[in-house]
Amino acid sequence: MNIHEYQAKDILKSFGVQVQSGIVADNPDKALSAAKELNKETGTSWYVIKAQIHAGGRGKGKVRETGSNGVVLAKSLEEVPAKVKAIIGGTLVTHQTGEDGKTVNKVLIAEDVYYPGESEPKEYYLSILLDRAKGCNVIMASTEGGMDIEEVAEKTPDKIIKEWIDPALGLQGFQSRKIAFALGLEGNAFKEMVKFVFSLYKAYEATDSSMFEINPVLKTSDNKILAVDAKVNLDDNAIYRHKDLAELRDLSEEDPAEIEAGQSGLSYVKLDGNVGCMVNGAGLAMATMDIIKLSGGEPANFLDVGGGANAETVEAGFRIILKDPNVKAILINIFGGIVRCDRVANGVVEAYKKIGNIDIPIIVRLQGTNAEEGAKIIEESGLKVTSAIVLKDAAAKVKEVLA
């Protein structure tokens, strides 16, 4: 589960991670009040206004309606309302949102931490995630903060530092020091970075997160270490242990179809193709998408109805797939292990009749327990549904309807 920057910073702060101070606002008047409060708390007179959406690249992104960037600087209190007005309610388009962009409902009014001092501010990159190949967490760091880590990995891979954490021992002191040394820090900045890494790792583990990305981590001109940005992904499989964190979910940032699927107990991910898929089991779903591509089509979604498919789940799956205007055909691919194929077939027929007016071809491939009985139900239903038992036949029928 993704959360907003301001929410992520609140979590980090609760674990002792030093962050750039900021206050969230959802309109220009509240933003001005937030800026005044920040001025009293921190003494800052310049304010960074940051669009809050679940996507990166906000600083380079553009608000379609106004041309404003997603992250802007206000050099006085008077500038704040107008600059916020140019962002809130607009559609921010970044390299991660695609051309559709995302509507900005909130902004974070943050203190300016790039103030002059005894040394130049310096940006670093720091992230924590699970290395599945090694079976342990890894801390990644780089002196190239503020840049896309993919670009750094491609052009200057030697500038990426990796430190793997033994799950039986946890993060050790020498590892935090090793990271700070590798980043070229010394003096107070070195000490602050060691503490920063420890606190960040503690927050990562305590929240059952799947990823923390701080880009940039800033060494200020007076050698403080701060999280200027924060991207946190909470593990959906562990969110039941954190009811307080579950409340941070922002449904306005998620695909409505994925929300509906979740409410019906389905696993759904929208893709860009033209053939809708309804399958039971993730592995079979991946194989089904491969078959669709081999047939000349492109999968429009990943939809797993689970092992207990019935009329209700099949109907919900149909409704979700049919909301995608790009879908030109639907392939239902069910292996009857736990669930009987005749039960699924009856569910397909019942769902088809309930929805009505389905004007795109539907191919149903049933294999496993009572597969022949299921195929017979489909064929005798009188509906515009084609049955198949062998996967090769299903692929051929997909190719035929797309021709």
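Biologist: Take T44: is it buried or exposed, and why?

Modeller: T44 is buried, because its relative accessible area is 9% and buried means under 20%. Keep in mind that this is a predicted model.

Biologist: Where does T44 sit, and which residues does it touch once its neighbours within four places in sequence are left aside?

Modeller: T44 belongs to the loop between α2, residues 28–42, and β2, residues 47–51. With those neighbours set aside, T44 has contacts with L38, N39, E111 and D112.

Biologist: What do the totals for the protein look like?

Modeller: The protein has 13 helices and 19 strands. Its C-alpha trace spans about 80 × 50 × 40 Å along the principal axes. Of the 403 residues in the protein, 49% are buried.

Biologist: What share of contacts joins residues at least 24 apart in sequence?

Modeller: Start from the contacts between residues at least 6 apart in sequence; 67% of these join residues at least 24 apart.

Biologist: Let us go on to a strand. Where is N301, and why does it count as buried?

Modeller: N301 is in strand β16, which covers residues 301–304. N301 counts as buried because its relative accessibility is 2%, and the cut-off is under 20%.

Biologist: What does the side chain of N301 reach?

Modeller: The N301 side chain reaches the backbone oxygen of C277, at 2.8 Å. Beyond four places in sequence, the contacts of N301 include Y268, V269, K270 and L271. V275, G276, C277, M289 and I321 are also in contact with N301.

Biologist: What about D359: is it buried or exposed?

Modeller: D359 is exposed, with a relative accessible area of 72%. The loop that holds D359 runs between α11, residues 341–355, and β18. From D359 to L322 there are 37 residues in sequence, and their C-alpha atoms are 9.9 Å apart in space.

Biologist: How should I read the packing of two helices?

Modeller: Two packed helices are described by the angle between their axes and by the distance between those axes. Take helix α5, residues 173–182, and helix α6, residues 187–206: they pack at about 130°, with axes 9 Å apart. The pair is therefore oblique. The crossing of α5 and α6 is right-handed.

Biologist: Which residues of α5 and α6 meet?

Modeller: On the α5 side they are G173, S176, R177, I179, A180 and F181. On the α6 side they are F190, M193, V194, V197 and F198. By class, this contact of α5 with α6 has eight nonpolar, two polar and one charged residues.

Biologist: At what angle do α11 and α12 pack?

Modeller: The angle between α11 and α12 is about 20°, and their axes are 7 Å apart. These two helices are therefore roughly parallel to each other, since angles under 35 degrees count that way. The crossing of α11 and α12 is right-handed.

Biologist: Which residues make the contact between α11 and α12?

Modeller: α11 contributes C341, D342, A345, N346, V348 and V349, while α12 contributes A371, E373, G374, I377 and I378. The residues of this contact of α11 with α12 divide into seven nonpolar, two polar and two charged.

Biologist: What should I look for in the backbone?

Modeller: Most residues other than glycine have a negative phi, and most peptide bonds are trans. Here N215 and P216 are joined by a cis peptide bond, with omega about 10°. P216 is in strand β11, residues 209–219.

Biologist: What is phi of N223, and what is phi of N370?

Modeller: For N223, phi is near 65°, a positive value in a residue other than glycine. N370 also has a positive phi, near 60°.

Biologist: Where are N223 and N370 placed?

Modeller: N223 is in the loop between β11 and β12, residues 225–227. N223 is buried, with a relative accessible area of 19%. N370 is in the loop between β18, residues 362–368, and α12, residues 371–379. N370 is partly exposed, because its relative accessible area is 27%.

Conventions
Residues are numbered from 1 along each chain as its sequence is written. This is a predicted model: local features need pLDDT of at least 70, side-chain atom pairs count only at pLDDT 80 or more; totals for chains, interfaces and linings use all residues. Side-chain values use heavy atoms; hydrogens and water are left out. Buried means under 20% relative accessible area, exposed over 50%, partly exposed in between (1.4 Å probe, protein chains only). A polar contact is a pair of N or O atoms within 3.5 Å; within protein, one must be able to donate a hydrogen and the other to accept it, and residues adjacent in sequence count only if both atoms are side-chain atoms. Contact means heavy atoms within 4.5 Å. Axes are lines fitted to C-alpha atoms, for helices over the stretch in contact, and angles run from 0 to 180 degrees between N-to-C directions. Angles under 35 degrees count as roughly parallel, over 145 as roughly antiparallel, 65 to 115 as roughly perpendicular and the rest as oblique. A crossing is left-handed if the near helix is turned anticlockwise from the far one by less than a right angle, and right-handed if clockwise. Ala, Val, Leu, Ile, Met, Phe, Trp, Tyr, Cys and Pro count as nonpolar, Asp, Glu, Lys and Arg as charged, and the others, Gly among them, as polar.
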